[in-house]
Amino acid sequence: MDRDAADLVRALETYGTAFEDHLHCHGTAVSLQGQGVLLLGPSGSGKSALALMLVAHGADLIADDGAWVSVRDGTLMLSAPPEAPAMIEARHVGLLAVDCARAPIPLRLAVDLGRDDTRRLPPRRKVAWAGASAELIHGAGQPTLWAVLIQYLRGGRVA
């Protein structure tokens, strides 16, 4: 099996720790118009910075630096851990207060900021956990990714 075929569906637990009723992902999550985006990647890859750009354009923070994923009715859902503060890290500035979405939000899109794909039209990818899945894109090195994500949530991907 080639690298692309093996990489089309990634186990979401690769990005976190599974518990009985949820998966704790080492990432940052936001909600825009009721649609959840889970930003994943290594430390320093820009998860909080990208989330801050999305918040500045109308998104609500779900959780910074650790989000819970659960499954409800076959859909991956994002929520904040109970102790998560209503703030986001702005590197080299400090912690900033933000509006937060506290109810579970359906996961529409996962973004891996530790991986890139230089093809104009990359293959469709998914993350999966506990029998449910959501779209996945590789986002490393894309300076306008915030705008891409906003348009993705507004109009969807057609190809």
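Predicted model: local features only at pLDDT ≥ 70, side-chain atom pairs only at ≥ 80, totals over all residues.
## Packing of α2 and α3

Two packed helices are described by the angle between their axes and the distance between the axes. Helix α2 spans residues 47-56 and helix α3 spans residues 145-155; their axes come within 9 Å and cross at roughly 55°. The crossing of α2 past α3 is right-handed.

On the α2 side, the contact is made by L50, M53 and L54. On the α3 side, L145, W146, L149 and I150 take part. Sorted by class, the contact of α2 with α3 has seven nonpolar residues, with no polar and no charged ones.

## A residue of α2: S48

S48 is also found in helix α2. Its relative accessibility is 16%, so S48 counts as buried, the cut-off being under 20%. Apart from neighbours within four places in sequence, S48 is in contact with T28, D64, I88 and E89.

## Salt bridges around E135

Side chains of opposite charge can pair when their charged atoms come close. The model has five salt bridges by the rule applied here. One of them joins R124 to E135, with the closest N and O atoms 3.4 Å apart. R124 lies in the loop between β11 (105-112) and β12 (125-129), while E135 belongs to strand β13 (residues 132-138), so this pair ties together parts that are 11 residues apart in sequence.

E135 also forms a salt bridge with K126, where the closest N and O atoms are 3.9 Å apart. E135 is buried, with a relative accessible area of 16%. Its two partners named here are partly exposed: R124 has a relative accessibility of 38%, and K126 has 34%.

## The network of D117, R119 and R125

Salt bridges that share partners join D117, R119 and R125 into one network. Within this group, the side chains of D117 and R119 meet in a salt bridge at 2.7 Å, N to O.

D117 has a relative accessibility of 17% and therefore counts as buried. R119, at 34% relative accessibility, counts as partly exposed.

Most residues other than glycine have a negative phi, and most peptide bonds are trans. D73 has a phi near 50°, a positive value in a residue other than glycine. The place of D73 is in the loop between β7 (67-72) and β8 (75-79). With a relative accessible area of 77%, D73 is exposed, as the class begins over 50%.

H92 likewise is not a glycine, and its phi is positive at about 70°. H92 is placed in the loop between β9 (87-90) and β10 (94-97). At 82% relative accessibility, H92 counts as exposed. Each of these residues is therefore an exposed loop position with a positive phi: D73 between β7 and β8, and H92 between β9 and β10.

Key: Residues numbered from 1 in each chain as written. Heavy atoms only, no water. Axes fitted to C-alpha atoms, helices over the stretch in contact; angles between N-to-C directions. Helix = DSSP H or I, 4+ residues; strand = E, 2+ residues; numbered from the N terminus. Left-handed = near helix turned anticlockwise from the far one by under 90°. Contact = heavy atoms within 4.5 Å. Nonpolar A, V, L, I, M, F, W, Y, C, P; charged D, E, K, R; others polar. Salt bridge = Lys/Arg side-chain N within 4 Å of Asp/Glu carboxyl O. Buried < 20%, exposed > 50% of the residue type's maximum accessible area, 1.4 Å probe, protein only.
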